[in-house]
Amino acid sequence: MLDYFFTPKSIAVLGASNDPLKLGYEIFKNLKDYGGKVYPINIKEETVQGVKAYKNVKDISEDVDLAVIVVPRRFVKQALIDCGEKGVKGAIIITAGFGEMGEEGKKEERELVEIAHRYGMRIIGPNCVGVMDTHSNMNATFIVNAKKGSVAFVSQSGALGAGIVYKTIKEDIGFSKFISVGNMADVDFADLMEYLAEDNNSKAIALYIEGIKNGKRFMEIAKKVSKKKPIIALKAGKSESGARAASSHTGSLAGSYAIYEAAFTQSGVLVAETIDDLLSMARAFTQPLPKGKKVAIMTNAGGPGVLTADQLDKRGLKLADLNKETMEKLRGFLPPMAAVKNPVDMIASARGEDYYKTAKLLLEDENVDMLVAICVVPTFAGMTPTEHAEGIIKAVKEVNNGKPVLALFMAGYVSEKAKELLEKEGIPAYERPEDVGSAAYALAAFAERNLEV
């Protein structure tokens with residue numbers, strides 16, 4: 001178990017600082033809000049950010065579960081030995097300059113792992129941003145807190161991972177955990193997948209991968225984990241140039257993308273093509289799994305319905321053939337200009353009540369496996385997307401038959417409140433047809449592999 005990386009009772013920050021320009025300052029500042037005990041280690045200072053400092057981790061009288069090491073490279077080895085002698089269980093090594101620097105660096109990196117294992121300690125890193133658990137309010141990184149959510153995000157690139165955290169905050173997307181693995185000298189993707197499979201706060205596992213050192217073990221663990229929890233991977237280094245860049249970045253051997261793609265398919269890992277793809281697919285799993293690939297689309301504008309239909313078709317999903325009875329009931333309350341075949345275009349005048357009645361009928365239709373509810377900017381006075389969101393939520397609660405619902409609200413800042421309402425109910429709300437298409441595909445693909453539909 002790797003609990004000590006995410007819910008430690010006590011943490012020591014080796015290299016904690018009073019200097020706002022140093023990483024040790026930001027890491028310790030972020031950890032001051034954590035519920036457990038946090039000890040700053042600094043050989044020069046008596047206090048760090050108002051907290052009593054220690055010269056050495058061994059000077060702390062209480063047990064220490066986790067160490068965050070952010071000292072200069074030449075001191076890392078001794079810092080790790082001190083942690084081992086103290087009985088620390090896990091160490092996050094932020095410091096760079098090891099395996100990514102070539103053979104000499106790789107040799108030093110191996111020495112660090114040997115030291116750690118001698119003391120029964122595990123390492124995340126080196127050359128990483130750190131670890132964050134939004135549910136235990138632990139931020140052992142030098143970046144801002146991610147929004148709390150249900151996606152565990154594991155990134156081989158620290159800076160890209162950090163950039164994605166900032167992106168998700170802006171887009172109101174939540175993570176359960178953010179783990180920057182860096183060079184993966186010890187703890188790797190396989191270890192983390194195995195751990196996250198049992199984590200109740202994580203409904204999906206998203207991976208940014210540059211290279212995998214032990215492909216056989218990755219596949220074995222992924223095959224086992226993907227039977228109970230979705231794994232979505234974004235693989236970098238597909239091209240020759242990208243593979244070279246990955247090697248110099250984290251010391252990874254990127255290898256042939258075709259081999260990775262085949263390995264992912266055999267292991268039940270869903271493949272994302274872009275960052276937006278990765279996030280869209282992972283977010284979908286707050287919803288139940290569909291029993292098939294037949295999708296109903298409801299919209300208040302024709303264009304987005306057509307674009308979404310294209311995206312679904314491109315990903316191997318089908319538009320459901322609605323029952324005649326469903327279409328007759330839709331015709332009974334929608335305006336004459338509305339289209340009651342799938343996609344159901346309720347036209348621009350559709351209000352919240354129309355969304356409620358339409359969503360209810362589509363969810364009750366036995367030919368429908370999944371519903372995509374679309375809303376563009378309402379053009380009629382006194383109307384906001386909030387009432388449309390409320391209509392969808394009401395229908396889902398009333399029907400309650402386990403069919404997944406995905407929302408596409410294309411109104412920018414105008415629909416922020418509506419999207420908040422939907423997300424609160426576990427209905428992911430997207431902004432582009434491509435994203436909702438990826439989400440629908442992920443649900444259907446995972447269901448097909450695991451429910452044998």
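The second largest pocket is lined by 27 residues, and Thr286, Glu423, Glu425, Gly426 and Ile427 lie nearest its centre. β10 (148-155), α13 and α14 (416-424) each give two or more residues to this lining. β10 gives the most, with four. A pocket is an open set of points on a 1 Å grid over the protein atoms alone, where a 1.4 Å probe fits, with protein on both sides within 12 Å along at least five of seven lines; lining residues have an atom within 4 Å of a point.

The model is predicted: local features need pLDDT of at least 70, side-chain atom pairs count only at pLDDT 80 or more, and totals for chains, interfaces and linings use all residues. Residues are numbered from 1 along each chain as its sequence is written, and side-chain values use heavy atoms, with hydrogens and water left out.

The largest pocket has 26 lining residues, with Gly15, Ile43, Val71, Pro72 and Phe75 nearest its centre. α1 (23-31) and α2 (73-86) each supply at least two of the lining residues. α2 gives the most, with four.

Ala, Val, Leu, Ile, Met, Phe, Trp, Tyr, Cys and Pro count as nonpolar, Asp, Glu, Lys and Arg as charged, and the others, Gly among them, as polar.

Strands pair if DSSP finds at least two bridges between them. Helices (H or I, at least four residues) and strands (E, at least two) are DSSP runs, numbered from the N terminus. Contact means heavy atoms within 4.5 Å. Four bridges join β5 (residues 66-69) to β6 (residues 90-93). Leu66 stands opposite Gly90 in β6.

α13 (residues 385-399) meets α12 (residues 352-364): their axes come within 7 Å and cross at roughly 35°. Axes are lines fitted to C-alpha atoms, for helices over the stretch in contact, and angles run from 0 to 180 degrees between N-to-C directions. Among the contact residues are Tyr355 and Tyr356 of α12 and His388 and Ile392 of α13. By class, eight are nonpolar, three polar and five charged.
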